[in-house]
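Visitor: Please show me how to read a model like this one. I would like to begin with its pockets.

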Amino acid sequence: MARKRYKYSFTKKKHTKDGIISSILALASFLLFAGACICSMVLRGKGGLYLGAMGILAMGLSIYGFLLGLKSFSEENRNFLYSKTGSVANGILTVIWLTMFLIGIG
């Protein structure tokens, strides 16, 4: 009696385009956060309008990246690695930026 052999086929799935963009936006927001922290330390907390505008821009990037990452989960037969990475990173960065914004107001 012959044993039945199972054949498995592993296909390479493409990454989601919106997931890749979401991860890039997370990286951009993180780099703006690091730059804002360095500038604030060098200027001894007197960054003013420019650092505030950079913070608002970076918070907007992270919110948009988070929404884009969540939207990318609707694509079928794709690899969701960048979607997961971008969504989580942008979610964390959004919370950090929101916290920094509220500390600045208070």
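Visitor: How much space lies in the largest pocket?

Guide: A pocket is an open set of points on a 1 Å grid over the protein atoms alone, where a 1.4 Å probe fits, with protein on both sides within 12 Å along at least five of seven lines. Here the largest pocket holds about 430 Å³, the space filled by probe spheres set on the points. This is a predicted model: local features need pLDDT of at least 70, side-chain atom pairs count only at pLDDT 80 or more, and totals for chains, interfaces and linings use all residues. Residues are numbered from 1 along each chain as its sequence is written, and side-chain values use heavy atoms, without hydrogens and water.

Visitor: Which residues lie nearest the centre of the largest pocket?

Guide: Lining residues have an atom within 4 Å of a point. There are 18, with Leu51, Gly52, Gly55, Trp97 and Met100 nearest the centre. Helices α1 (17–42), α2 and α3 each give two or more residues to this lining. Helices are DSSP runs (H or I, at least four residues), numbered from the N terminus.

Visitor: At what angle do α2 and α3 pack?

Guide: Axes are lines fitted to C-alpha atoms over the stretch in contact, and angles run from 0 to 180 degrees between N-to-C directions. Contact means heavy atoms within 4.5 Å. Helix α2 (residues 49–71) packs against helix α3 (residues 81–105) at about 150 degrees, with axes 8 Å apart.

Visitor: How many salt bridges are there?

Guide: A salt bridge puts a side-chain nitrogen of Lys or Arg within 4 Å of a carboxyl oxygen of Asp or Glu. The count is two. One of them joins lysine 71 to aspartate 18, with the closest N and O atoms 3.3 Å apart. Lysine 71 is in α2 and aspartate 18 in α1, so the pair ties together parts 53 residues apart in sequence.
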